[in-house]
Amino acid sequence: MLYPLKLIAPLKDYIWGGTALKTKYNQKSELEKVAESWELSCHKDGQSLIANGAASGMTLTDYIEQQGKKILGSNAERFTYFPLLIKLIDAKDNLSVQVHPENEYALRVEGEYGKTEMWYIVDCEPGAELLYGFKHEISKEEFKQRIENNTLLEVCNNVPVKKGDVFFIDAGTLHAIGKGILTAEIQQNSNTTYRIYDYGRLGKDGKPRDLHVQKALDVTKLSRPTKPTVPEAEMHFFADYDMKLLAQCEYFTVYHFDLIRQCNLNADTDTFHSILVLEGELALSYGEGKMILNKGESAFIPAGMGNYSLHGEGEFILSMV
């Protein structure tokens, strides 16, 4: 019988990370820093483990192989492998200025998908901001020169952020999460990043971290991006919860829920569901079963499982393809 899978996230201790994912979001680790928790992952660089039921101890990848790709739903049939990677990101310090390639380039050069992604600002310090594209259109020659003479930040577009903000980062968009921001990131299943500028920092080995300038020159869009807007019609208010569409594209559809009491959902044969709890303690009920999801925990709902419900008071993100 199909059932909701509670997931254990692989954790990453990149140099810019903090401790909030351990102290506030229930990630258990001996690592000093936890920069990222990969809440839904079938990527070779970090696999989600299943924590409950008959499949406990298996990777999500192995479970999908065992059950068959039908549990991903018909919408995922167009992808050659698992389509999404979902993270919580704690930026204690600035992330590098970077860019991700689109599919054609990434598949040809890196052997994996490119990366279009979205950010939901879960929390942030006062005055926090992120880098989102350029202030104005520049030429490739200027882009190259500014990388070489360390003046790139002068033409980067800095955007103040607040809790609840949404940013859609299309492949090819220059970007960087700024210090003091905790973000939920829903993205294509890719770990390809081209680092362009890194504030002169040294890696764990005491050496400057690698830059990927030529690849960045190949794929970066040099115009100012436009922030997509979500129509007001996509904000729905019900007696027990509020639901807002955060992003929708060819790779993912993402909703945010403010839950007051209960919401009923249905994982049909079109797509799996991913639940990421951002606040509160929620009870997930299905058939004869029930499990608790705490702040910072995730569940994978197989396509075709059918009806389930969430009870409690809190926030969660629902992602699907």
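Select Glu104 and Arg108 to begin. Both residues sit in helix H3 (residues 103-109), 4 residues apart, about one turn of the helix. Helices here are DSSP runs of H or I with at least four residues, strands are DSSP runs of E with at least two, and both are numbered from the N terminus. Glu104 forms a salt bridge with Arg108, and the closest N and O atoms are 3.0 Å apart. A salt bridge is a side-chain nitrogen of Lys or Arg within 4 Å of a carboxyl oxygen of Asp or Glu. Side chains of opposite charge can pair when their charged atoms come close.

Color the pair by accessibility. Glu104 has 47% relative accessibility and counts as partly exposed. Arg108 has 56% and counts as exposed. The cut-offs: buried is under 20% relative accessible area, exposed is over 50%, and partly exposed lies in between, with a 1.4 Å probe and protein chains only.

A word on the model before moving on. This is a predicted model: local features need pLDDT of at least 70, side-chain atom pairs count only at pLDDT 80 or more, and totals for chains, interfaces and linings use all residues. Residues are numbered from 1 along each chain as its sequence is written, and side-chain values use heavy atoms, with hydrogens and water left out.

**More salt bridges**

Select Glu110 and Lys215. They form a salt bridge, with the closest N and O atoms 2.9 Å apart. Glu110 lies in the loop between H3 and strand E9 (117-124), while Lys215 lies in helix H5, so the pair ties together parts that are 105 residues apart in sequence. Glu110 is partly exposed, at a relative accessible area of 31%. Lys215 is also partly exposed, at 30%.

Now pick Arg146 and Glu154. Their salt bridge has its closest N and O atoms 3.2 Å apart. Is Arg146 buried or exposed? Arg146 counts as buried, at 18% relative accessibility.

Next, show Asp93, Asp198, Arg201 and Arg209 together. Salt bridges with shared partners join these residues into one network. The structure holds 17 salt bridges.

**Two positive phi angles**

Go to Asn26. This residue is not a glycine, yet its phi is positive, about 60 degrees. Asn26 is in the loop between helix H1 (20-23) and strand E3 (36-40). Its relative accessibility is 37%, so Asn26 counts as partly exposed.

Jump to Tyr199. Tyr199 also has a positive phi of about 60 degrees and is not a glycine. Look for Tyr199 in the loop between strand E15 (194-197) and helix H5 (213-219). At 31% relative accessibility, Tyr199 counts as partly exposed.

**An open sheet**

Show strands E2, E3, E7, E14, E9 and E12. They make an open sheet of 6 strands in the order E2-E3-E7-E14-E9-E12, with antiparallel pairing. Which strands stand at the edges? Strand E2 (11-12) and strand E12 (166-169) do; each has a single partner strand, so one side of each is left without a neighbour in the sheet. Two strands pair if DSSP finds at least two bridges between them.

Zoom in on E3 and strand E7 (residues 84-91). They run antiparallel and are joined by 4 bridges. Select Leu40 and find its bridge partner in E7, Ile86.

**A buried phenylalanine**

Select Phe300, in strand E22 (residues 298-301). Phe300 is buried, with a relative accessible area of 0%. Show what surrounds it. Leaving aside neighbours within four places in sequence, Phe300 is in contact with residues including Leu40, Leu60, Ile71, Leu72, Phe82 and Phe272. Contact means heavy atoms within 4.5 Å. The contacts of Phe300 also include Tyr3, Pro4, Leu5 and Leu7.

**Zoom out**

Show the whole protein. Its secondary structure comes to 5 helices and 23 strands. Of the 321 residues, 56% count as buried. Among contacts with a separation of 6 or more, 74% are between residues 24 or more positions apart.

End on the overall dimensions. The C-alpha atoms fill a box of roughly 65 × 40 × 40 Å along the principal axes. The accessible surface comes to about 14,300 Å², of which 49% belongs to carbon and sulfur atoms. Accessible areas come from the Shrake-Rupley method with a 1.4 Å probe; for residues, only the protein chains shown count as cover.
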